[in-house]
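Please have a look at the sequence and the model first.

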Amino acid sequence: MRFRLTDDQAALRAGVRELLERRFGRQALRAAVDAPGRLDRVLWRALGEAGFFALRLPERDGGVGLGLPEAVLVFEEAGRALLPGPLLATHLAAGTVPGAASGETVVAAVDGELVEWLDAADAVRGDASGAVALRSVDPLTPLHRVTAPPGAAAVPRGPIAVPPGPEAVPTGPVAAPPDAVSVPSGPVAVPPDPVAAPPDPVAVLLTAAEQLGTAGRVCELAVEHARARQQFGRPIGAFQAVQHLCADLLVRAETARAAVYAAAVTADPADIAAARLLADEAAVQGARDCLQVHGGMGFTWEADVHLHLKRAWVRARRGGGSAHGAELLAAALAG
Amino acid sequence: MDLSYAPEEEEFRARLREWLAEVLPTLPGKPSPDDWPGRRAYDLGWQRMLYDAGYAGVHWDASPTLRLIFLEETEKAGAPYVGANFVGLLHAGPTIAAEGTPGQRARWLPPILRGEQVWCQGFSEPDAGSDLASLRTRARRDGDDYVVTGSKIWTSHAEVADWCELLVRTDPAAPRHRGITWLAMPMDAEGVTVRPLRTLAGSPEFAEVFLDEVRVPVANRVGEENDGWRVTQVTLSFERGTAFVGEVVACRRVLRELARTAREDGRWGEPELRRRLGRLDAEFRALWRLTQWNVSEAEASGGVPGAGGSVFKLRYSHARQELYEAAAEVLGPDCLDLDRPWVLDRLSSLSYTIAAGTSQIQRTIVAERILGLPRGR
C-alpha cells in the first residue's frame with residue numbers, strides 16, 4: 001500500500017506553499033485584516049494562472065486535469081495561509097461560470113443561510129436575494145445572511161446570479177435557483193433548507209481540507225511559541241501541561257489528515273463526512289488550544305491565532321454545520 | 001496517495017480468506033476466561049494451525065501491508081487473536097530475532113512459531129511502571145549463572161508461561177539506562193512464585209511474579225550485559241506498530257451492533273444518540289485510515305514502525321473508551337448488568353489509557369520526540 005504523498009503531490013504542495021508565501025505573506029495577511037471585505041483581484045488572477053480554480057477541469061477544457069487528492073492538498077495550503085476570498089465557490093464554478101477558472105470572475109455561493117464574499121463577487125450561485133450583510137466575526141470573511149422569507153418577491157441586488165451548467169450566461173437581474181433544487185425559475189426564489197439539502201460532497205471535502213490546513217498551522221504556531229516563550233527561567237514548552245496541549249494538537253491534526261486524504265482517494269460520501277467532522281474538530285479545538293498556549297498574546301488582535309479560530313468557525317458552519325455529517329454516518333451505520 | 005493493494009497482496013488476502021473459511025468451523029469451543037490450561041491449549045492450537053498453513057511468521061517476516069491484511073481478515077472472520085502467544089510473537093520473539101545469537105534463535109524461535117511454548121513479560125515492577133528504567137530486580141553474576149531477586153507485576157499469562165522475558169539490573173552503580181540486562185528465564189526455575197492478580201473486570205488477567213535467588217544461565221542473556229535497555233526498545237516499537245489493527249476492525253463491528261440495538265429498541269429517533277454513534281463512526285473510520293497511513297510509512301522506511309504509533313495509541317485508547325460509554329448509553333439500565341454484552345468490555349476499556357504507556361507518558365513522548373519541545377520534568 002502506498003497511502004502517502006507521491007513525489008508529484010509533494011512537489012505540488014511545496015509549490016503552492018511557496019506561491020502563497022510569496023504572494024500572500026504575513027504583511028499581506030495583516031493588510032487584508034486592515035481592509036476587510038476587499039478582495040485582491042491581482043492575487044485572484046495569479047491564483048487562476050497557477051491553476052487554483054481550474055485544477056480539476058479536464059485538460060481538453062483548459063484545466064489542469066488533476067484529481068481530488070491534489071485539490072485537497074491545494075486547499076489545505078490555502079487554509080494554512082488563511083488565504084481570503086470565495087475560493088471554494090469559485091473553484092466549484094470553474095467550467096460552469098465563464099471566467100471562474102482563470103480567476104477573471106469571482107464567484108460566491110449561497111450556502112444554507114449564509115453567503116461568503118457576496119459584495120466582492122461578480123456572480124453568485126444560488127438565490128441571494130434579500131441577503132443582509134452581517135458584521136462578520138472573521139475580519140477575513142465578509143458574510144451575508146439570506147433572510148428572504150418563503151414566498152417573498154426576490155429583490156435584485158448585488159452581483160448577477162447565474163444558473164449552473166456549462167452554457168450558463170448571465171441572465172439579467174433575476175435570481176435563478178441553486179443547482180440540485182429543481183423549482184421553476186422566476187421571481188420567487190426558495191433558499192435551500194439548510195438541513196434537508198445534502199451538501200455537495202466535493203464542497204464538504206475541500207472545506208475539510210481547509211480546516212486541516214488550519215489544524216496543522218495552529219499546531220506549528222503553538223509549538224513555536226512554546227519553544228520561544230520563557231517563564232520561570234525556561235521555555236514554557238518544558239512544562240508538561242503545555243507539552244500535553246501541544247501533543248493533543250498534533251494528534252487531532254494527524255488523525256484528521258489521514259481521514260481527509262483517504263476521503264480524497266475514495267470520494268465516498270461517508271468517508272468525506274467523517275473527514276469533515278474530524279477536520280472541523282481539529283481546526284476549531286486546535287485553534288483554541290493554540291490560543292491557550294499563547295497566553296495573553298493569544299487574546300490580542302496582533303497575534304494571528306484569532307484569525308485561525310475565526311476562520312475555522314466560519315468554515316465549520318458551512319453546509320449547515322456538523323449535523324449532516326453525523327446523520328449521514330449514522331444512516332450508513334444503521335443501513 | 002493510493003489506498004489500493006498490489007495484486008500479490010490481494011492474492012494473499014484471497015488465499016487467507018479461503019483458508020479461514022475452511023478451518024474456523026473446525027476450531028474447538030472457546031475456553032472460559034478462568035480456565036488457564038484450557039486457554040493455553042486453545043491459543044497454542046491456533047498458532048499450530050497457522051504454522052501448518054504457513055502463516056506463523058506473519059508478524060515477523062511479512063511486509064507491514066501483509067500484516068495489516070492478515071490482522072484485518074482474521075478479525076473479520078472471527079478467528080482467535082494471538083492470546084497467550086502475544087509476548088512470544090510480538091515481544092520476545094522479535095527481540096530474539098533481532099538481537100539473539102544464531103544458537104538462541106534456533107533454540108527459542110521455532111517453539112514460538114509452532115505453538116509449543118508460551119512466553120510472558122517481566123518488565124514492570126511495583127515501583128517501576130511508567131518509569132521502567134528505575135527497575136530494581138537485581139541480578140548478580142555467580143559463575144555461569146545470574147542470581148535474580150526481585151518482583152515483577154502486570155505479567156499476563158504468567159500461570160501458563162514456559163519462559164519470561166526479564167529485565168534485570170546488573171549494574172546498580174551505572175546510570176539507570178545503562179545497568180539493565182535482558183534475560184530469558186524459565187518459569188519452572190526454582191525460586192519463581194506466581195500470584196494471580198484480579199483486574200477490576202473480575203478476571204485473573206495478570207499476575208505478580210516473585211523472584212527469590214532464581215538462577216538463570218548466562219547463556220540465556222540476549223544482547224550484552226548492561227545493554228538491555230537498547231535491546232528492549234526493539235520490542236517496544238514493535239508493540240506500537242500494527243498491534244491494534246484487529247481491534248479497530250472489531251470496534252467498527254461493535255458500533256454497527258450498537259446502531260442495530262438502538263434501532264431495535266426504538267431509540268433511533270433520538271438525534272443525540274444517533275449523532276453520537278455517527279461521530280464515533282467518523283472516529284473509527286479515521287483510525288483505520290491512520291493505520292493505513294502508518295503502515296505505508298513503515299513500508300517506506302523498511303518496516304520500522306514510526307512515531308505515528310504514539311499518535312495512534314493516544315487517539316485509539318480514548319476512542320475505545322468513548323465507544324463503550326456510548327454502549328452504556330444504548331444499554332440504558334442494562335449497562336449495570338455484567339451478563340449483558342459490552343459491560344465487561346466497558347470495564348476492560350479502562351486499561352487502554354494506562355497499559356503500554358499511559359496517555360500522559362504518550363503525550364510527553366509526542367511533545368518531546370515528535371514536536372521537539374524541550375525536555376521537562
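The crossing of α1(B) and α2(B) is right-handed, meaning that the near helix is turned clockwise from the far one by less than a right angle. This is a predicted model, where local features need pLDDT of at least 70, side-chain atom pairs count only at pLDDT 80 or more, and totals for chains, interfaces and linings use all residues. Residues are numbered from 1 along each chain as written, chains are lettered from A and ligands numbered from 1 in written order, and side-chain values use heavy atoms, without hydrogens and water.

Helices here are DSSP runs of H or I with at least four residues, numbered from the N terminus. The two axes come within 12 Å and cross at roughly 135 degrees; axes are lines fitted to C-alpha atoms over the stretch in contact, with angles from 0 to 180 degrees between N-to-C directions. That makes α1(B) oblique to α2(B), as angles under 35 degrees count as roughly parallel, over 145 as roughly antiparallel, 65 to 115 as roughly perpendicular and the rest as oblique.

Here are the residues that meet, with contact meaning heavy atoms within 4.5 Å.

| Helix | Range | Residues in contact |
|---|---|---|
| α1(B) | residues 7–23 | Trp19(B), Leu20(B) and Val23(B) |
| α2(B) | residues 36–53 | Trp46(B), Met49(B), Leu50(B) and Ala53(B) |

Now to the interface: 49 residues from chain B and 50 residues from chain A take part in the contact. Across the interface of chain B and chain A there are eight salt bridges, each a side-chain nitrogen of Lys or Arg within 4 Å of a carboxyl oxygen of Asp or Glu. Arg285(B) forms a salt bridge with Asp271(A), with the closest N and O atoms 2.9 Å apart.

Methods
Helix = DSSP H or I, 4+ residues; strand = E, 2+ residues; numbered from the N terminus.
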